[in-house]
Amino acid sequence: MNKTNNPLPNDSDDSDNSEDSVMSDISDKDACELLDADHIAVKHLFVDYARLAVLPEPAAGKTAGQRTALAMKICDELTVHAQIEEEIFYPALRKALPDAGALLDKALAEHQQAKQLIADIRGIGKANAAMDTLVAELNVAIENHVKDERDMLFSKAMAAPDVDLLSLADQMFERQQELEAG
Ligand SMILES: [Fe+2]
Ligand SMILES: [Fe+2]
């Protein structure tokens with residue numbers, strides 16, 4: 001699949017959820033916009049999870065299935081997101097921006113921390129209080145990481161003449177599709 005999805009309205013698809021909007025609107029996104037669309041989409045999933053997790057019992061128990069599904073979706077999305085950054089975006093920045101090395105090393109260390117939390121969440125398997133705690137912890141870790149990406153990496157990338165953000169967006173989008181297809 002390429003990045004220029006059919007932008008025409010589709011009668012058979014009346015959904016208006018944010019993921020579909022992101023996917024159908026992807027053609028003119030640059031690499032930072034594409035990555036940030038992921039950041040925003042996953043933030044919505046964290047908010048949905050947190051809303052369910054604060055419900056008192058017995059309501060909370062009834063949402064365990066939904067929380068489990070949300071947690072697995074968060075883990076899957078973040079895993080693919082980190083992988084396209086590590087395979088494509090970060091190496092391009094490392095090559096074009098020699099002074100970004102320390103920032104990229106820090107970003108990779110944060111990915112490792114997130115991957116450990118993701119493994120722990122997957123290890124629990126079914127939503128419970130322990131999973132709620134880990135998902136909340138992952139939310140905070142990702143919030144901080146995303147802030148660093150937006151404030152430091154993206155601004156450096158946007159200012160760098162040798163970084164082709166549109167071409168990187170193409171490459172990351174294709175890889176993302178490939179990884180999501182399994
Ligand atoms: Fe990242
Ligand atoms: Fe990111």
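Helix 5 and helix 6 are roughly antiparallel to each other. The reason lies in an angle: these two helices, residues 101–124 and residues 129–159, pack at about 160°, and an angle over 145 degrees counts as roughly antiparallel, which means that this pair qualifies. Their axes are 10 Å apart, and the crossing of helix 5 and helix 6 is left-handed. Where helix 5 meets helix 6, the contact residues comprise 16 nonpolar, two polar and five charged ones.

The model described here is predicted. Stepping back to the whole protein, one counts seven helices and zero strands, so that the pattern along the sequence reads α-α-α-α-α-α-α. Of the 182 residues, 26% are buried. Contacts between residues at least 6 apart in sequence can also be sorted by separation: 70% of them join residues at least 24 apart.

The largest nonpolar core contains 20 residues. Within this core, Ala 31, Phe 89, Leu 93, Leu 168 and Met 172 have the most contacts. Two or more residues each come from helix 2 (31–53), helix 4 (64–96), helix 5, helix 6 and helix 7 (165–180). Helix 4 makes the greatest contribution to this core, with six residues.

Neighbours within four places in sequence aside, Met 172 is in contact with Ala 31, Leu 34, Ile 84, Ile 88 and Phe 89. Another core, of 17 residues, lies apart from the largest one. Its members include Val 42, Cys 75, Ala 82 and Ala 114.

Note on methods: Residues numbered from 1 in each chain as written. Chains lettered and ligands numbered in written order. Predicted model: local features only at pLDDT ≥ 70, side-chain atom pairs only at ≥ 80, totals over all residues. Axes fitted to C-alpha atoms, helices over the stretch in contact; angles between N-to-C directions. Helix = DSSP H or I, 4+ residues; strand = E, 2+ residues; numbered from the N terminus. Parallel < 35°, antiparallel > 145°, perpendicular 65-115°, else oblique. Left-handed = near helix turned anticlockwise from the far one by under 90°. Nonpolar A, V, L, I, M, F, W, Y, C, P; charged D, E, K, R; others polar. Core = buried A, V, L, I, M, F, W, Y, C linked by C-beta atoms within 7 Å. Buried ≥ 20, exposed ≤ 12 C-beta atoms within 10 Å, placed from the backbone. Contact = placed C-beta atoms within 7 Å.
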